[in-house]
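I opened this notebook to record what I looked up in one structure. My entries follow the order in which I asked.

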Amino acid sequence: MTENKINKIAMITGATAGIGKATAYKFAKEHYNLILTGRRAAILDEVSKDLEQTYGITVYKMELDVRDNNEVEKQIKALPDAWEKIDVLLNNAGLAVGLNPIQDGLIEDWERMIDTNIKGLLYVSRAISPLMITHAKGHIVNIGSIAGRDAYPNGNVYCGTKAAVDSITRGMRIDLLKHGIKVTLIEPGAVETEFSVVRFKGDQEKADNVYKGFTPLKAEDIADAVYYVCSLPQHININDMLIMPTSQAAATIIDKKL
Ligand code: NDP
Ligand code: 8X3
């Protein structure tokens, strides 16, 4: 498929794993061209190649750490004209690092979460929203979490970052209202991805334990929801969507059959 064919464009941050990667596959299947970002260049290459070959779409790769605003601005400014008409921005890049009570928290972990989950989302949104305003169209989908609604033991800063995403999403929706730009918050419960491996700093056994005894959501479940909210007619916006595994009633209330 050539670049000048009128495919819609979706930009997805954190497309090298989990929810972001699954959403890239979902949107590619639905004939979107994609701007994909992530820090792991080799995976970005591999995913992009596979999407182009499997679905005949075009991928614009952005090897990018969303915590680096200079780099975010530079790479978005460098987008060729044909890629500037972004229909969907999925602010997905994010992480939890560590699970400690507040008095034992590592400042370095806190800064990684705040810099990625809050500041990274803001940097990317700051750079993309003017393009959407210029083209008088667009939909920003932010990935929050059940953690933004329910603080849980030792989740302190991660929960705080996701509560901030909720609040920022509401503010963005108000500011972008008169420009006809939709803003949606999707808040998943437990989804089995690389999330817990990252949280436990590579401890695969601890990560696997999180999902034992119940059926968590799959990244593809969230990808389907992102596509659904983006495929509605212009006059309908889903403001907020909380999606839980059937076995999970709240952040820490999971019916585990161990
Ligand atoms: P994964 O760890 O599987 O994927 C995270 C993605 O974010 C990766 O592609 C990673 O890419 C990217 N990323 C992380 N840090 C940065 C950074 N500084 N710059 C650019 N990209 C970055 O986790 P999930 O798919 O589960 O998480 C996606 C989002 O969903 C996060 O915001 C998370 O908080 C949220 N969420 C997850 C839930 C879950 O249970 N899994 C539940 C609720 C919300 P790379 O390493 O290549 O940079
Ligand atoms: C990820 C889900 O409940 O581990 O946001 O915080 S949880």
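The entries below concern a ligand and the pocket around it.

**Entry 1: the model.** I note at the outset that this is a predicted model.

**Entry 2: the surroundings of ligand 2.** I asked which residues surround ligand 2. I found S145, I146, A147, Y152, Y158, F195 and R199.

**Entry 3: polar contacts.** I looked up the side chains whose N or O atoms approach an oxygen atom of the ligand. For S145, I recorded a distance of 2.5 Å between such a side-chain atom and an oxygen of ligand 2. For Y152, a polar side-chain atom lies 2.6 Å from a ligand 2 oxygen. I noted 2.6 Å for a polar side-chain atom of Y158 as well, again to an oxygen of ligand 2. I also looked up the cover: ligand 2 exposes 240 Å² when taken alone, and the protein buries 83% of that.

**Entry 4: the pocket.** By class, I listed 23 nonpolar, 16 polar and 9 charged residues in the lining.

**Entry 5: the elements of the lining.** Which helix gives the most to the lining of the largest pocket? I found that helix 6 does, with 4 residues. At least two lining residues come from each of helix 1 (18–29), strand 2 (33–38), helix 4 (107–134), helix 5 (156–176) and helix 6 (195–199).

Key. Residues are numbered from 1 along each chain as its sequence is written. Chains are lettered from A and ligands numbered from 1 in the order in which they are written. This is a predicted model: local features need pLDDT of at least 70, side-chain atom pairs count only at pLDDT 80 or more; totals for chains, interfaces and linings use all residues. Side-chain values use heavy atoms; hydrogens and water are left out. A residue is near a molecule or strand if one of its heavy atoms lies within 4 Å of it. A polar contact is a pair of N or O atoms within 3.5 Å; within protein, one must be able to donate a hydrogen and the other to accept it, and residues adjacent in sequence count only if both atoms are side-chain atoms. Accessible areas come from the Shrake-Rupley method with a 1.4 Å probe; for residues, only the protein chains shown count as cover. Ala, Val, Leu, Ile, Met, Phe, Trp, Tyr, Cys and Pro count as nonpolar, Asp, Glu, Lys and Arg as charged, and the others, Gly among them, as polar.
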